[in-house]
Amino acid sequence: MSNLDYLILFALSLLILYFFLKNRYLIGKYFHVLDIPSKDKIHISTTPLVGSFSLILISIIFIFFFNNSYMIEKVIMIFTFSYLFFIMGYIDDRYNIKAYTKLLFSIIFLTLALNLSDNFLLKDIYVGFLDRHFFLDKISFFFSILCLLLLINALNLIDGINGLASGFASIWLFCLSLLSSGEIKTFFLLFSFFAIVNTYYIIKGKYFLGDSGTLFLGSLVGLLTIYTYNNLFIVNLLIPIEKIFIFFMIPGIDMFRLFIIRLSNKKDPFSRDLNHQHHIMLKYFSLYKTLSIYFILFITTNTLSFFDYAEPIVIILIYLVLYVLFIFFSKKKFEKTS
């Protein structure tokens, strides 16, 4: 693309963000996606769930401008399935469909994606601390779907405070774009920029992502991660799976804890509560400090990991110890208070 094309693309994207920001309540009312406060939510005013609507339109315009790229077919495929997740999320925001219905359709969408392209299949995993490759063979399909479902759900679970899910997704997209090359790198660098700008307004409480946003961004990041991971193998750039785990471990570990607690209490693992790590942190810190701690933790752990300042397995163990200590002492403190 020419410099003029980039300038037009940039200006159009800013106009789209501005339009959705200024008309957020009208758009939310028109699409019947206004989030009303309740006892299992922490916000106190009705907020439109249109935080990803502008990103959908921006991504479509991006695809149009980058239509001459040899990578565009892969990009279109990734976004097409992410759009399906967006539609399902929108229906959930509007009609509040059951969690297991969403799970079923998620499996259907991912099954279609994996059947259409091997680029989204995890076939070979390199474990760094063992210095060994594991070829998944027959379980590759099921393992890939499981990983994608866990990531999508983990992002959905951390969407409990303004900007956390959107912030993580934006940073993930930015980091993944750095591992790409050519025009696909430019595509996702620009897209992640607008996702970050959009996150700013979500943090300010102008609108929320809603399930439409978390499912869209979660599936987008998941499919792009596997695609990038597989293509790094093609160019003989081995990234240990531990480094990928660190990339997603902050929301992933908390999701695992929540599932264990809910199941042990004989509750639905997909039920809502205010027992998330970010809800606990809000009892100690303000929203901005909580977000800062999360993002600093993410940047620190991944910098140490990807630049080999510390062994990934050591980083994981240290984070696990700190996480367990935080949850344990927080529980003790609030038990004494009550």
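1. Start with Phe 194: in this predicted model its side chain is buried, at 0% relative accessible area.

2. Another ring pair to check is Phe 64 with Phe 65. Their centres are 5.9 Å apart and their planes sit at 85°, so this one is edge-to-face as well. Buried or exposed, where do Phe 64 and Phe 65 fall? Phe 64 comes out at 58% relative accessibility, over the 50% cut-off, so it counts as exposed. Phe 65, at 17%, counts as buried.

3. One ring also has a charge over it: the charged end of Lys 243 sits over Phe 306, 5.7 Å from the ring centre.

4. On to the salt bridges, of which the count is 6. Asp 211 pairs with Lys 102, the closest N and O atoms being 3.2 Å apart. This is a link between distant parts of the chain: Asp 211 belongs to helix α9 (residues 210-234) and Lys 102 to helix α5 (residues 99-116), 109 residues apart. Asp 211 is buried at 11% relative accessibility, and Lys 102 is buried at 17%.

5. Asp 273 and Arg 262 form a salt bridge as well, with 2.9 Å between the closest N and O atoms. Asp 273 lies in the loop between α10 (241-264) and α11 (277-281) while Arg 262 is in helix α10, so the bridge ties together parts 11 residues apart in sequence. Arg 262 is buried at 2% relative accessibility, whereas Asp 273 is partly exposed at 23%. As for shared partners, salt bridges join Asp 92, Lys 102 and Asp 211 into one network.

6. Asp 118 and Lys 123 meet in a salt bridge too, at 3.4 Å from N to O. Here Asp 118 is partly exposed at 49% relative accessibility, and Lys 123 is partly exposed at 40%.

7. Last, the hairpin. Strands β3 (residues 124-127) and β4 (residues 132-135) pair in the antiparallel sense over 4 bridges. Ile 125 has Phe 134 as its bridge partner in β4. There are 4 residues between the strands, and Asp 131 takes a positive phi near 50° in this hairpin.

Key:
Residues numbered from 1 in each chain as written. Predicted model: local features only at pLDDT ≥ 70, side-chain atom pairs only at ≥ 80, totals over all residues. Heavy atoms only, no water. Pairing = 2+ DSSP bridges. Helix = DSSP H or I, 4+ residues; strand = E, 2+ residues; numbered from the N terminus. Buried < 20%, exposed > 50% of the residue type's maximum accessible area, 1.4 Å probe, protein only. Phe/Tyr/Trp six-rings, centres within 6.5 Å; stacked < 30°, edge-to-face > 60°. Lys NZ or Arg CZ within 6 Å of the ring centre and 35° of its normal. Salt bridge = Lys/Arg side-chain N within 4 Å of Asp/Glu carboxyl O.
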